[in-house]
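Here's a quick tour of the model shown below. Have the viewer open and follow along.

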Number of protein chains: 2
Amino acid sequence: MLRCTCETSSPVSDAARYHLTAGGARVRARIGLDAAIALGLSPTTALACAAAPELLHNASLIHDDLQDGDALRRNMPAVWSRYGRDAAISSGDLLISAAYKAIALHPNAGAAICAMHDAVSVTIRGQAQDCSARNHSSEDCAGIAADKSGPLLALPVRLALIAADAPGQEVAIRAGRAIAIAYQTLDDFVDKAADRATSATNICLSLEAEGHDPAAAISVARTRAQAALMSARQDARDLPNSAGTPLLTLVNRLEAQLKELDNAA
Amino acid sequence: MLRCTCETSSPVSDAARYHLTAGGARVRARIGLDAAIALGLSPTTALACAAAPELLHNASLIHDDLQDGDALRRNMPAVWSRYGRDAAISSGDLLISAAYKAIALHPNAGAAICAMHDAVSVTIRGQAQDCSARNHSSEDCAGIAADKSGPLLALPVRLALIAADAPGQEVAIRAGRAIAIAYQTLDDFVDKAADRATSATNICLSLEAEGHDPAAAISVARTRAQAALMSARQDARDLPNSAGTPLLTLVNRLEAQLKELDNAA
């Protein structure tokens, strides 16, 4: 992934390399690999399905951190705070382009490109909504979370399905959106105090603004997240040839995390 | 071009639409169309060869204006100064992605993607060098101009050659770099006073710093630009099936502009 991104050394490629080597769980890359393996695709195709969404995700993190003024990422200085704003803009651009480059060896590059742009457009729409207004309703919060994070969770599966010439694009998109809502709800539980201080989008705070007391807000948010995961589980199971298995794994993990919170409460 | 970029309305797509409808000469789109017509390609392919480089160019303008703090573009407020920095970042991202989307219908999308990423990487390297250090040598100035603007001038021809399965990638790249140097030299003549005030990269100022008096600096810069255009002319002629004709048109125009300056001096 690094080689195809940063062939020459420059402050920008250094910044991209710094960001990519800082870790992260590589969730989208794993989904891509597992979906590709489930569908019997070649190693080259599996790599494309894994690398492209992971690079897009990392590009979005670099630009989001700059836009949100988040100085830390993975317990290290965010790219913009270490390399400056200009390098952050350009290194994010480089990773978007590298993500498309990673798709060059996909057996149906044309259709894969369309899925990529669809995912990027919706992700950007979500980030724009998140940046633009405050005082979102709890329903808006869910929509923003689904837009911001759903497309790049679904994308690795979509790319694998396209390569296998298998159906399921809409099902994968829906599963990705539902998982994104649960993901964000868990984040919002953890970040509630910080988000209150910065007036950031947070489903619990929106539910409180809609009249729920703090405990009820958490309970409602959790119930909605669990419902989203149930729907994602069904969608993931409906995908052909076990291509949804990596999404099921994610659903199980998020359900366990929600349950832990339940026990802690 | 607009439709494939901005399917839904959001502050970000509004910003992208604002930028794209503000005009510009569409130099790269014209090169793509003319090269595709010369090579007998289909209208769909011609559109891909035209739209993708033009969208990448416009993405780079949005991000460059933000990075350089240029508040005006085409006599109107630059995207960042009208829509804010966050929307400028995201709308540039959207146009990079839309550029790749435009290539989806290219008959050899995989190879086209690789040419696109190559062009983006070098363009970003040039922009980074331009942003990073000051007091460039006159030779560095030429290299930066070639990196910043050459790849996207060559790209439409490269995409058309790839679609026609014709040779000439390196020749087109070289021609684009040489044309970019002449382009930038003409800009630097016009912007000399402003660039002196902001310590921006300017070949005339670099030549003065290397010991030339102002008149000699202009003369040396013009001679080098003319030499670059001669080399670009030869390369454009060497491209198969008159694919280089749109580059020759550009060479002729830039030569005439250099001559006008000669007469004015």
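## The core

Start in the middle: the largest nonpolar core has 164 residues, and the members that touch the most others are A:Ile103, A:Met116, A:Leu159, B:Ile103, B:Met116 and B:Leu159. A nonpolar core here is a set of buried Ala, Val, Leu, Ile, Met, Phe, Trp, Tyr and Cys residues joined through side-chain atoms within 4.5 Å. Buried means under 20% relative accessible area, exposed means over 50%, and partly exposed is in between (1.4 Å probe, protein chains only).

Leaving out residues up to four places away in sequence, B:Met116 touches B:Ala52, B:Leu56, B:Ala99, B:Tyr100, B:Ile103, B:Leu155 and B:Leu159. A contact is heavy atoms within 4.5 Å.

## Ground rules

This is a predicted model, where local features need pLDDT of at least 70, side-chain atom pairs count only at pLDDT 80 or more, and totals for chains, interfaces and linings use all residues. Residues are numbered from 1 along each chain as its sequence is written, chains are lettered from A and ligands numbered from 1 in the order in which they are written, and side-chain values use heavy atoms, with hydrogens and water left out.

## Chain A overall

Chain A has 13 helices and two strands, which are DSSP runs numbered from the N terminus (helices H or I, at least four residues; strands E, at least two). Of its 265 residues, 55% are buried. Among contacts in chain A with a separation of 6 or more, 68% join residues 24 or more positions apart.

The C-alpha atoms of chain A fill a box of roughly 50 × 45 × 30 Å along the principal axes.

## A buried asparagine

A:Asn202 sits in the loop between α10 (192-198) and α11 (203-209) of chain A. Is A:Asn202 buried or exposed? It's buried, with a relative accessible area of 1%. Not counting residues up to four places away in sequence, A:Asn202 touches A:Cys141, A:Asp188, A:Asp191, A:Lys192 and A:Asp195.

## Positive phi in chain B

Most residues other than glycine have a negative phi. B:Asp165 has a phi near 55°, a positive value; B:Asp165 is in the loop between α8 (138-163) and α9 (169-198) of chain B, and is exposed at 72% relative accessible area.

B:Ser199 isn't a glycine either, yet has a positive phi of about 55°. B:Ser199 lies in the loop between α9 and α10 (203-209) of chain B, and is partly exposed, with a relative accessible area of 45%.
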